[in-house]
Amino acid sequence: MEFISPEIYSLAEAVERRCAADFAEIDRIAMINTEKVMDAFRAERVSDSLFAGTTGYGYNDRGREVLDAVYARVFGAESALVRVGFVNGTHAIAAALFAAVGPGDTLLSVTGAPYDTLQGVVGMKGAPRGSLAWYGVKYDETGISDDGEPDWDAIRAKAPSAKAVFIQRSRGYTSRRALTAEETGKLISFVKEANPDVTVIVDNCYGEFTCESEPTQVGADIMAGSLIKNPGGGIAPAGGYVAGRAELTEAAAERLTVPGLGGEVGATLGQSRLLFEGIFMAPHITAQAMKTAAFAAGLFSELGFDVSPKPGEARGDIIQTLRLGDPDILKRFCLGIQQGAPVDSFVTPEPWPMPGYDCDVIMAAGAFVQGASIELSADAPMREPYIAYLQGGLTYESGKLGVMRAATLIREK
Ligand SMILES: *Cc1c(COP(=O)(O)O)cnc(C)c1O
């Protein structure tokens, strides 16, 4: 049995031809974003001497300061905080949340419940120590439909009493679409019309460089994300970022370190070069992941599965969902993606009871950076209707091969 069957090879050729318009649009966006990054590198005079880094307190780390300035320019924000000291996206988003609300305030999520790992930060179940709820922040939410339509009437009613509004662009483990930058901007305008004083926070995970603009360029006060997703370009070894209005970014820095020190300290330990190189690569790498997703959408629709986004639909993140409808097909899919990875291609993903989930979860990941989902990966809760969440692919070619392998295993059945 070949790694990829002749049937899938020939189907893939036809599918790829039909992807031409999607790919052209992805290339167009990558060009615009690369130009933004190159403009920022030139304006901030990025130079070899910035890569050396600091130890200890990390005072006067020029590399850290210039990297912050580069991110701020690229994202059209007043300032940014880019740190390997953010352990993940959840940590960076938490810093942004704590920057925006305090005791007695209400945080209103207008895209339904936040991502699973953020629910502990908000304190949605029993106000655990250190959560927003524990500090006396109230939480409320309004829903969003599967096709990404917010509940406008509920927002109009609830926004006036909120101190901050939270928007999640990407879909998380739900079946709704991601919001494009344009849709995010429209939602922010609506929220600010209902309450001009409100602070808008965007969870931008998986959204960076998928559109022509970023949330901070369409009205967000602060946004945050992970460096082992899009903006790290597959090169950053760890970290997260916050970008937005200067006073909010500074407050987030004081949450990351301590009040009084903020972003002025924090050794970069020689990692700066990888973060610079990561954001340099990011628009291109994000495009590789989006092409892998578009190809998977085309191939799996061809095989009769329901996919989202559908071929030709606009994308606001790098995630592709495939409704596989059967536990065995889902396991085969994940096995194929695992076998298509450059690292740990020989292991078999098994469902396991992951903390924080109400059912077993299966994950395929064979990445150079542990857990990096800008690299080809797939995961799925083992429950009806057995939807696989596929993302990443550092190169379109390798992503395409992984998707073709998954299709081969499913057709073998
Ligand atoms: C990935 C992700 C996060 C943060 O997850 P980490 O694993 O902590 O980086 C938050 N929100 C969304 C929508 C995400 O996709």
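A pocket is an open set of grid points with protein on both sides within 12 Å along at least five of seven lines. The structure described here is a predicted model, and its largest pocket has a volume of about 900 Å³.

**The largest pocket**

Of the 40 residues that line this pocket, the closest to its centre are Y115, M363, G371, S373 and D379. By class, the lining comprises 19 nonpolar, 16 polar and 5 charged residues. Helices α4 (89-100) and α5 (116-122) each supply at least two lining residues, as do the strands β10, β11 and β12.

**Strand β11 and its neighbours**

Strand β11 spans residues 377-381 and is mostly covered, with 5 of its 5 residues buried. From β11, S377, D379 and P381 point one way, whereas A378 and A380 point the other way. On one pairing, β11 joins strand β10 (residues 361-365) in the antiparallel sense over 5 bridges; within it, A378 is the bridge partner of A364. A further antiparallel pairing joins β11 to strand β12 (residues 387-391) over 3 bridges. Here D379 stands opposite Y389 of β12. D379 is also among the residues closest to the centre of the largest pocket.

**Aromatic contacts**

A pair of aromatic rings is described by the distance of the centres and the angle of the planes.

| Pair | Centre to centre | Angle between planes | Geometry |
|---|---|---|---|
| F51 and F276 | 5.6 Å | 55° | tilted |
| F300 and F333 | 5.4 Å | 80° | edge-to-face |

F51 lies in the loop between α2 (20-43) and α3 (62-74), and F276 lies in helix α9 (residues 272-302), so their pair ties together parts that are 225 residues apart in sequence. F51 counts as partly exposed because its relative accessibility is 21%, and the buried class ends under 20%. F276, in contrast, is buried, with a relative accessible area of 2%. F51 and F276 also belong to one aromatic cluster with F41 and F280.

The rings of F300 and F333 form an edge-to-face pair because their planes stand at 80°, and the class requires an angle over 60 degrees. This pair likewise links distant parts of the chain: F300 is in helix α9 and F333 in helix α10 (residues 327-339), 33 residues apart. F300 is buried at a relative accessible area of 0%, and F333 also counts as buried at 0% relative accessibility.

Two lysine residues provide charge-over-ring contacts. The charged end of K229 sits over the ring of Y206, 4.1 Å from the ring centre. That of K400 sits over the ring of F295, 5.9 Å from the ring centre.

**Enclosed space**

Rolling a probe the size of a water molecule over the atoms shows where empty space is left. A search of the whole structure finds 1 cavity of 30 Å³ or more. The largest cavity holds about 50 Å³ of space. Its lining consists of R171, R177, A178, T180, P309, A314, R315, G316 and D317, which divide into 3 nonpolar, 2 polar and 4 charged residues.

Terms used: Residues numbered from 1 in each chain as written. Predicted model: local features only at pLDDT ≥ 70, side-chain atom pairs only at ≥ 80, totals over all residues. Heavy atoms only, no water. Phe/Tyr/Trp six-rings, centres within 6.5 Å; stacked < 30°, edge-to-face > 60°. Helix = DSSP H or I, 4+ residues; strand = E, 2+ residues; numbered from the N terminus. Buried < 20%, exposed > 50% of the residue type's maximum accessible area, 1.4 Å probe, protein only. Lys NZ or Arg CZ within 6 Å of the ring centre and 35° of its normal. 1 Å grid on protein atoms, 1.4 Å probe; cavity = no way out; pocket = protein on both sides within 12 Å on 5 of 7 lines; lining within 4 Å. Points joined across faces, edges and corners; volume = space filled by probe spheres on them. Nonpolar A, V, L, I, M, F, W, Y, C, P; charged D, E, K, R; others polar. Pairing = 2+ DSSP bridges.
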